[in-house]
Amino acid sequence: MKTVKINKLPLATWTWLKVNDRTVQLNDYICGITPEIKNIPMEIVTEDEYHDFKNPDFLDMELGAGEELRDMVRDSGAVSNCFRVKKDNKCDTALRLVIDYDKADAGATALSRLTFILEEGAELTAVVCFKGKSAKAVNDIRIMAGKNAVLTLVEIYELEQETVFVDSIGGCYDEKSGLKLTQVEKSEGDISLACASNLVGYKSFLDIDTGYLVKGQDRLDINYVARHRGKKTDSKINVSGVLRDNANKTFRGTIDFIKGCKDSTGDEREDVLLMDPGVHNNTVPLILCAEEDVEGAHGASIGKISDEILFYLQARGIPEDEINELMAKSRIDAVIGRIADDETKRMLLKED
């Protein structure tokens with residue numbers, strides 16, 4: 001068994017709060033998992049034998065979960081499945097992948113690796129569904145986007161039982177390029193989501209929209225980092241979710257204005273609905289600023305259903321338990337409704 005520290009805050013706060021980072025236990029034996037391709041646009045070039053050492057820029061790329069997990073993945077030797085979109089190609093259909101961790105060997109840490117390379121002017125929508133009930137699982141995604149390139153990444157988590165899962169994303173974005181990331185988390189178990197984005201180019205951007213439902217004894221740990229390096233870069237982080245029963249959730253959102261990122265803007269918001277008295281919530285919005293001419297904002301709305309709303313709906317004949325279900329579902333559905341891919345949106349809303 002291996003202890004790995006992940007989701008470390010770029011700048012530590014009081015240790016007694018126990019939010020600076022977290023540790024996960026992973027099995028020493030690592031089993032590589034190949035995604036099942038449900039649909040692949042004809043504009044994509046696949047490189048099944050892609051390895052990090054072929055491109056030094058990927059070796060030291062900052063990943064959301066941190067260096068320890070990055071090094072563990074690198075040392076595993078597992079192949080990264082690479083999807084490349086050539087210059088000025090705009091994919092009309094979405095790339096659809098299913099990663100099933102049930103395929104892993106017993107007693108292994110199941111590891112999936114994806115690489116997205118978008119050349120200048122390229123556009124791609126990728127929908128990745130995570131499923132299975134492997135005891136330990138890790139997903140590693142690395143993104144390189146050239147000038148005017150845009151990756152729309154939708155991740156759907158449907159993991160079962162007491163899974164320990166870490167999803168770690170890293171990316172570097174050139175002039176006017178960026179990542180649009182949507183994550184819908186309804187898994188069971190101990191789930192960690194992480195994304196680090198280097199906004200290097202002029203007017204590069206990051207747009208994250210996350211919805212979650214955590215219940216029972218389950219745990220969710222989120223760490224998003226936006227590094228603003230280029231001028232007029234922009235980041236938007238929106239997180240909305242529901243905690244039920246004895247669920248535990250920590251959200252870390254960091255907007256880092258690095259010297260030289262003049263006229264950049266960043267905004268992070270979280271809206272948390274606490275359904276039961278046994279839940280535990282940590283929200284840690286962080287803005288670091290080494291550049292004067294920038295705009296950064298953060299905010300959080302945390303609470304239960306108001307007595308006014310409860311009374312209003314009960315007065316119209318809706319039982320309290322149905323009100324709770326309705327309010328919880330609305331948080332997730334709002335995020336699903338903003339997914340750009342209509343097929344994915346219909347599928348998720350139909351499932352609900």
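This is a working chat about selected features of the predicted model above.

Reader: What kind of model is it, and how are residues numbered?

Author: It is a predicted model: local features need pLDDT of at least 70, side-chain atom pairs count only at pLDDT 80 or more, and totals for chains, interfaces and linings use all residues. Residues are numbered from 1 along each chain as its sequence is written, and side-chain values use heavy atoms, with hydrogens and water left out.

Reader: Aromatics first. How many aromatic pairs are there in the whole structure?

Author: The search finds 7. Rings of Phe, Tyr and Trp (its six-membered ring) pair if their centres lie within 6.5 Å; planes under 30 degrees apart count as stacked, over 60 as edge-to-face and the rest as tilted.

Reader: How are the rings of Phe130 and Tyr157 placed?

Author: Their centres are 5.1 Å apart and their planes are at 5°, so the pair is stacked.

Reader: Which parts does that pair tie together?

Author: Phe130 lies in strand E9 (residues 123-132) and Tyr157 in strand E11 (residues 150-159), so the pair ties together parts that are 27 residues apart in sequence. Strands (E, at least two residues) and helices (H or I, at least four) are DSSP runs, numbered from the N terminus.

Reader: Are those two buried or exposed?

Author: Phe130 is buried, at 0% relative accessible area. Tyr157 is buried too, at 0%. Buried means under 20% relative accessible area, exposed over 50%, partly exposed in between (1.4 Å probe, protein chains only).

Reader: And Phe130 with Phe165: what is the geometry there?

Author: The ring centres are 5.5 Å apart and the planes are at 50°, so this pair is tilted. It links distant parts of the chain, with Phe130 in strand E9 and Phe165 in strand E12, 35 residues apart. Phe165 counts as buried, at 0% relative accessibility.

Reader: Which residues make up the ring cluster?

Author: Ring pairs link Tyr101, Phe130, Tyr157 and Phe165 into a cluster.

Reader: Switching to Glu155. Where is it, and is it buried or exposed?

Author: Glu155 lies in strand E11. Glu155 is buried, with a relative accessible area of 0%. Its C-alpha atom is separated by 6.4 Å from that of Val184, 29 residues apart along the chain.

Reader: Charges now. How many salt bridges?

Author: The count comes to 21. A salt bridge is a side-chain nitrogen of Lys or Arg within 4 Å of a carboxyl oxygen of Asp or Glu.

Reader: What about Lys5 and Asp21?

Author: They form a salt bridge, with the closest N and O atoms 3.8 Å apart. The pair links distant parts of the chain: Lys5 is in strand E1 (residues 2-6), and Asp21 is in the loop between E1 and strand E2 (22-26), 16 residues apart. Lys5 is partly exposed at 36%. Asp21 is partly exposed at 24%.

Reader: How far apart are the closest N and O atoms of Lys38 and Glu36?

Author: They are 3.1 Å apart, in a salt bridge. Lys38 is exposed, at 52% relative accessible area, while Glu36 is partly exposed, at 35%.

Reader: Which network holds Arg74 and Asp75?

Author: Start with the pair: Arg74 forms a salt bridge with Asp75, the closest N and O atoms being 3.2 Å apart. Salt bridges that share partners join Arg70, Asp71, Arg74 and Asp75 into one network. Arg74 is partly exposed at 37%, and Asp75 is exposed at 59%.
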